[in-house]
Amino acid sequence: MSPFDKLEDCGAGFYCPATQADPTACTPGTYVLNTHAAAVSECLTCPAGSICANGNTITQCPAGYYCAAGTYSTTNGGTGGPQDCGTGYFCPQGTPNKVY
């Protein structure tokens with residue numbers, strides 16, 4: 001049995017497979033708040049309208065931008081980050097899509 005079994009705290013943003021001694025971070029764009037996750041399948045896709053920058057927190061997409069599911073960067077307009085709403089659109093904080 002791994003020292004990081006389901007009874008031990010492995011840390012939010014990580015999962016602890018029974019075959020490994022050390023916790024493994026969830027992949028970018030996913031998160032897990034459960035501190036006893038045992039498999040990568042417990043890392044969930046970041047919800048649309050949110051940013052999951054470090055695997056253990058979910059923050060709202062900033063106003064003026066939209067965030068697709070799986071957004072992981074806080075760099076506005078960058079790869080994996082919030083996308084610019086653009087002229088003629090309205091994007092309130094936490095929006096997953098451009099709004100006319």
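Leaving aside its neighbours within four places in sequence, with which residues is Ser73 in contact?

Author: The model is a predicted one, in which local features need pLDDT of at least 70 and side-chain atom pairs count only at pLDDT 80 or more, while totals for chains, interfaces and linings use all residues. Residues are numbered from 1 along each chain as its sequence is written, and side-chain values use heavy atoms, with hydrogens and water left out.

Beyond four places in sequence, Ser73 is in contact with Ile51, Thr79, Gly80, Gly81 and Pro82, where contact means heavy atoms within 4.5 Å. Ser73 lies in the loop that runs between β7 (65-66) and β8 (83-84); strands are DSSP runs of E, at least two residues long, and are numbered from the N terminus. With a relative accessible area of 14%, Ser73 is buried, a term that means under 20% relative accessible area, with a 1.4 Å probe and protein chains only. A polar atom of the Ser73 side chain lies 3.1 Å from the backbone nitrogen of Thr75.

Two of the residues that Ser73 touches, Ile51 and Pro82, are also touched by Cys61. Cys61 is found in the loop between β6 (59-60) and β7, and Cys61 counts as buried because its relative accessibility is 0%. Other residues in contact with Cys61, not counting those up to four places away in sequence, include Gly49, Tyr66, Cys67 and Gln93. The C-alpha atoms of Cys61 and Gln83 are separated by 9.4 Å, and the two residues are 22 apart along the chain.

The wider setting is as follows. The protein chain has 8 strands and 0 helices. Of its 100 residues, 30% count as buried. The C-alpha trace spans about 55 × 20 × 15 Å along its principal axes. Of the contacts in the protein chain with a separation of 6 or more, 29% join residues 24 or more positions apart.

Elsewhere, Cys43 belongs with Tyr15, Cys26, Val32 and Ala37 to the largest nonpolar core, a core being a set of buried Ala, Val, Leu, Ile, Met, Phe, Trp, Tyr and Cys residues joined through side-chain atoms within 4.5 Å.

As to confidence, the protein chain averages a pLDDT of 89, and 92% of the residues score at least 70; pLDDT is the predictor's confidence in each residue, from 0 to 100. Over residues 1-6 the pLDDT stays under 50.

Key: Helix = DSSP H or I, 4+ residues; strand = E, 2+ residues; numbered from the N terminus. Buried < 20%, exposed > 50% of the residue type's maximum accessible area, 1.4 Å probe, protein only. Polar contact = N/O pair within 3.5 Å; in protein donor to acceptor, adjacent residues only side chain to side chain.
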